[in-house]
Each structure stands twice: as structure tokens, then as C-alpha cells.
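Below is a short briefing on one protein chain.

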Amino acid sequence: MANLRDLKTRIGSVKSIAQITNAMKMVAAAKLRKSQDAVVAARPYSDHIDRMLRILQKKNNYTPHPLLNTINPEGKQLIIIVTSDKGLCGAFNSSIIKYAVRYLEENPNSDLIFFGRKGYDFFRKNSRFKVKGVYPNLSDNVSVHSVRNIKTELLNFYNSAEYSKVFVIYNEFKSAIQQNLLLKQLIPVVPYEADDISSADYDYEPNANAIIEELGKQYVNVELWRIILESNAAEQGARMTAMDNATTNAKDLIEELSLIYNRERQSQITTQIIEIASGAEAIHN
């Protein structure tokens, strides 16, 4: 009977886990819908300001503005690694961390900034890299205004001429079951590659540098905001998928354990019946 009791306890435990993972799946699905709507709304504005600045960069490559041209080509790289603050989201964090490790092995002269705790928890054990900033819980009610201080600190780091380039490693949201791992150069701006850009020159008021300065600040601010939104939506999609798989696996395990339990119970009942029948026959004889 002890074996049956152990099986029954285990079945109950797995059922409890299945209820938890199913609830987490439903919560992630609700958050995903909200995050997906935010990403879809943010992309047109972000894409437009990105295109404007990249066109200006291509048409005005003679302008020695730091957002368009590297201040110090020999400087270090500043890498922003975007992960989640919580786990239970499949390979969402591990894929970013593995990619970042490979990239840093090839580019060891780099400093790090972390959006989210998971990436920081992994890299803080490695003293080879200097951590310039850690920003947890950014996905909670993120807005363009909420990342302004981060934008200012990032531009101060870059304008100090210590860094040649600023990159971001993050998961771009594609769908609930797909994320696209990206390495994006944030600063200096990568020029627009299209060949259909008008050859007409622009008149600037008050001047080109003033326009690029203001537009550049908006570009960095909006890109950071969009990247956080993309990462948050990708995280919720990964968590929903992981919890759905966990719930399915738990149900399969419950069925398997229930089958073993029923077979063991039937075996014990059959044994008891045989023992009773044998005892009755012995008494009769």
C-alpha cells in the first residue's frame, strides 16, 4: 500500500504543478496581447525616425557629428544586453547570454550595460568586463519618457570618447512562438542603404548639426523604448510557450502515473482476492 500512497501523492503534486503552469500561461497570454499591441503601435514611429536620421547620415556624411561618425575609432565597445528580470521563459535568456558570450570572446575590449536582472546575474561573476549600468524592471509601464534618463547616461558615456560604438543585443518580437535574436548598432547611426534616396539637398534651420543633435536624441530615446517593448513582448511569448509545454508535459505525466497506479491497484486487489479465496478453501478443506 505504501507504493500506491507514494504514487497518489506524486499524482497530486504533478496536478498542482499543472494548475500553476496553466495559470502562468494564461497570465503570459494576457500580457502578451498588451505587449504586442504596444510594439505594433511603436514600430511606425520608431521606423520613421530611424529612416530620417539614417538618410541624413548618408546625405551628410561630411558632418562631423558624433551620432553620425565615430568619435574615437580606437575606443572600446559599449554593449547593452537586454534580458528579463524573471525566469520560466524557455530559452529566452539563455540564447541571449550564449550569443553575448560568443560576441565578447571576439570583442573583449568591451563594457556592459544590462536591461534586466538575468543577464547581470550571469555576467557579474566575470570580472573581465566592466559594468556601466544595470536597469531592472524596465518592462513595467515603460514609455518614451521613462527611458529619458537612460538615454542621457548612454549619450554621456558615448560623448566621453571612451567608446567607438554602442551595440544592443536583444530579442525582437516576431510571434508568440518566435523571437529574432538581434545585434543592433545603436550609435553611431548606420547609414540608409536604399539607392532610391532623392539626390536633392536639404536646407537646415538653424543648421545641420542642431537638427541632427535634436533628432539624434529622439532617435536614441525612441530606439531604447522600442527595444524594451520588443523584448518584453518576446519574453511573454516565450513564457506562454514554455508554460504551455510544461502543462502538456505535466498532463502526459499524470496519465502515465495514473496508468501505473491503476495497474498496481488492480494487481494488489487481485492478490488479495486470491489470498481470500485460498484461505476460504483451506478452511473448507
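The protein chain carries 35 positive and 32 negative side chains, and the centres of the two sets are 5 Å apart. Lys and Arg are counted as positive and Asp and Glu as negative, while His and the chain ends are not counted. Each charge is placed at NZ of Lys, CZ of Arg, CG of Asp or CD of Glu.

The model is predicted: local features need pLDDT of at least 70, side-chain atom pairs count only at pLDDT 80 or more, and totals for chains, interfaces and linings use all residues. Residues are numbered from 1 along each chain as its sequence is written, and side-chain values use heavy atoms, with hydrogens and water left out.

**Fold and overall form**

- The protein chain has 5 helices and 5 strands, where helices (H or I, at least four residues) and strands (E, at least two) are DSSP runs numbered from the N terminus.
- Read from the N terminus, the order of elements is α-β-α-β-α-β-α-β-β-α.
- The radius of gyration is 29 Å, well over the 19 Å that the globule rule gives for 285 residues, so the protein chain is more spread out than a compact globule. This radius is taken over C-alpha atoms, and the rule is 2.2 Å times the number of residues to the power 0.38.
- Along the principal axes, the C-alpha atoms fill a box of roughly 115 × 40 × 30 Å.

**Surface and contacts**

- Of the 285 residues, 41% count as buried, meaning under 20% relative accessible area.
- Among contacts (heavy atoms within 4.5 Å) between residues at least 6 apart in sequence, 78% join residues at least 24 apart.

**Leu154**

- Leu154 sits in helix α4 (residues 148-159) and is buried, with a relative accessible area of 2%.
- Ile80 is 74 residues from Leu154 in sequence, with 9.9 Å between their C-alpha atoms.

**Aromatic pairs**

- There are 5 aromatic pairs, counted where ring centres of Phe, Tyr or Trp (its six-membered ring) lie within 6.5 Å.
- The ring centres of Phe115 and Tyr135 are 5.7 Å apart and their planes at 80 degrees, so this pair is edge-to-face; that class needs planes over 60 degrees apart, with stacked under 30 and the rest tilted.
- Phe115 lies in strand β2 (residues 110-115) and Tyr135 in strand β3 (residues 130-135), so the pair ties together parts 20 residues apart in sequence.
- Phe115 and Tyr135 are both buried.
- One aromatic cluster is formed by Phe114, Tyr120, Phe122 and Phe123.

Definitions and conventions:
Buried < 20%, exposed > 50% of the residue type's maximum accessible area, 1.4 Å probe, protein only.
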